[in-house]
Amino acid sequence: MSFRYLGNKTRLTDWIVGEIGRVLPSGSTIADPMCGTASVSLALARAGYSVTAADALTFPVIHARVRLLAKQPPAFKALGGYDKALDWMCSAAPVDGYFFKEFGEGGSPANGRAPRLYFSATNAAHIDGVRDGIRELASSGDISEIEHSVLLHHLILATNKVANISGTYGYFLRELSRSALRPITFDPIEFEQTQGHHTVLHGPVEKHASALSVDAVYLDPPYTKRQYAGNYHILETLAREDEPLAAGDGGLRPWKEQASDFCYRRNAGKAFRETLEQLNVPHVFISYSQDGQVHEDELLSILSDFGKVTIHEQPYTRFRSNNRTKEGTVLERLYHIETF
Ligand SMILES: C[S@@+](CC[C@H](N)C(=O)[O-])C[C@H]1O[C@@H](n2cnc3c(N)ncnc32)[C@H](O)[C@@H]1O
């Protein structure tokens with residue numbers, strides 16, 4: 001799944017899963033409670049682990065459900081099969097609805113500001129048409145829960161490809177880019193028949209940590225101050241299927257109740273400590289960048305209170321969401337804690 005997501009580990013999964021595999025035999029159980037795109041969850045599933053994935057936000061949970069639980073294309077009886085379901089999304093009738101009004105080039109945001117250029121008018125209306133269609137199918141009971149997730153997963157992937165942004169949804173570009181002018185498309189995905197028994201949960205790690213009954217936990221917390229709930233507000237709205245108040249110039253949904261402590265320099269160390277205190281597992285693996293909110297010395301000191309720490313390092317190119325961000329490589333670290 002190739003969309004840009006802050007901290008997406010797709011390019012690091014071979015290394016991460018390789019290091020985990022030196023300690024944890026295939027067939028073991030492992031949790032990825034901050035799963036994002038579920039790239040690590042899927043790589044672990046491919047390596048033979050049974051995976052419990054979770055995230056505080058809703059759209060990563062949709063990705064995880066589809067990538068882990070849909071092991072083959074769902075039947076989509078109501079739509080005539082999986083390929084026909086994609087055709088149905090492609091040919092959905094446009095609707096001048098919430099996305100058109102709040103996020104489209106031809107819109108008229110409720111707060112009276114000028115149109116927000118997240119999408120071309122045509123794509124915004126297409127997204128509204130698909131959203132309405134999915135809501136109708138779900139409320140009439142014509143699709144199963146996993147079919148519902150598969151449709152939303154496709155809508156999120158397709159929306160990402162035509163979004164007029166530079167990396168995150170914090171703001172939109174001043175003019176519609178070439179990719180934003182292309183008509184939205186719904187491309188088939190591969191479903192993977194992994195062996196393990198997987199589970200997908202929703203909610204902050206603080207809620208699940210103490211109940212995780214697994215052989216290991218892999219934590220991949222945010223390491224910058226950028227809150228995912230705000231920076232990916234449009235994906236969250238697609239996944240939640242609601243129409244929240246779109247505030248300010250950027251049209252962000254209310255996100256503060258989903259703010260992560262890991263993004264605040266003053267709270268991040270405490271968030272690590274509180275999460276680790278709740279976990280009751282023999283092995284914890286943590287991905288954390290060298291330039292994260294918690295300084296490497298402080299992090300090592302926190303982790304050492306919970307067990308024997310080993311550090312693995314890999315040079316990695318920074319995610320850049322705009323041209324102003326510093327270029328260059330940083331050291332991505334994988335901490336392994338063999339707990340006391
Ligand atoms: C660095 S990203 C994970 C990237 C993921 N490994 C991937 O490859 O796509 C961090 C994720 O943690 C989630 N998150 C932030 N705070 C959280 C919390 N307290 N509990 C659970 N998830 C949280 C964010 O929503 C985000 O998806």
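This is a predicted model: local features need pLDDT of at least 70, side-chain atom pairs count only at pLDDT 80 or more; totals for chains, interfaces and linings use all residues.
## Strand 5, a covered strand

A residue counts as buried when its relative accessible area is under 20%. Strand 5 spans residues 283–289, and seven of its seven residues are buried, so the strand is mostly covered. His283, Phe285, Ser287 and Ser289 point one way, while Val284, Ile286 and Tyr288 point the other way; residues on both faces are buried.

Strand 5 has a partner in strand 4 (residues 216–219), with which it runs parallel through four bridges. Here Leu219 stands opposite Ile286. Strand 5 also pairs with strand 7 (residues 329–339), this time in the antiparallel sense and over seven bridges. Phe285 has His336 of strand 7 as its bridge partner.

Stepping back, seven strands make up an open sheet with mixed pairing, in the order 3-2-1-4-5-7-6. Strand 3 (199–202) and strand 6 are at the edges with a single partner strand each, so one side of each lacks a neighbour in the sheet. On average, neighbouring strands are turned by 15 degrees against each other, direction ignored.

Elsewhere in the sheet, strand 1 and strand 2 (residues 50–55) run parallel and are joined by four bridges. One of the pairs to look for is Ile30 with its bridge partner Val51 in strand 2.

## Helices against the strands

Helix 1 (residues 13–23) has Thr13, Trp15, Ile16, Val17, Glu19 and Ile20 as its buried residues. Their cover includes strand 1 (29–32), helix 2 (39–46), strand 4, strand 5, strand 6 (307–317) and strand 7.

His63 sits in helix 3 (residues 58–69). Its relative accessibility is 0%, so His63 counts as buried. Beyond its neighbours within four places in sequence, His63 is in contact with Met1, Phe3, Gly36, Thr37, Ala38, His153, Ile156 and Leu157.

Lys225 belongs to the loop between strand 4 and helix 10 (228–231). Lys225 counts as exposed because its relative accessible area is 66%, and the cut-off for exposed is over 50%. Not counting residues up to four places away in sequence, Lys225 touches Cys263 and Gln293. If you want a distance to check, Lys225 and Gln278 are 24 Å apart from C-alpha to C-alpha, with a separation of 53 residues in sequence.

Terms used: Residues are numbered from 1 along each chain as its sequence is written. Side-chain values use heavy atoms; hydrogens and water are left out. Buried means under 20% relative accessible area, exposed over 50%, partly exposed in between (1.4 Å probe, protein chains only). Helices (H or I, at least four residues) and strands (E, at least two) are DSSP runs, numbered from the N terminus. Two strands pair if DSSP finds at least two bridges between them. Contact means heavy atoms within 4.5 Å. Axes are lines fitted to C-alpha atoms, for helices over the stretch in contact, and angles run from 0 to 180 degrees between N-to-C directions.
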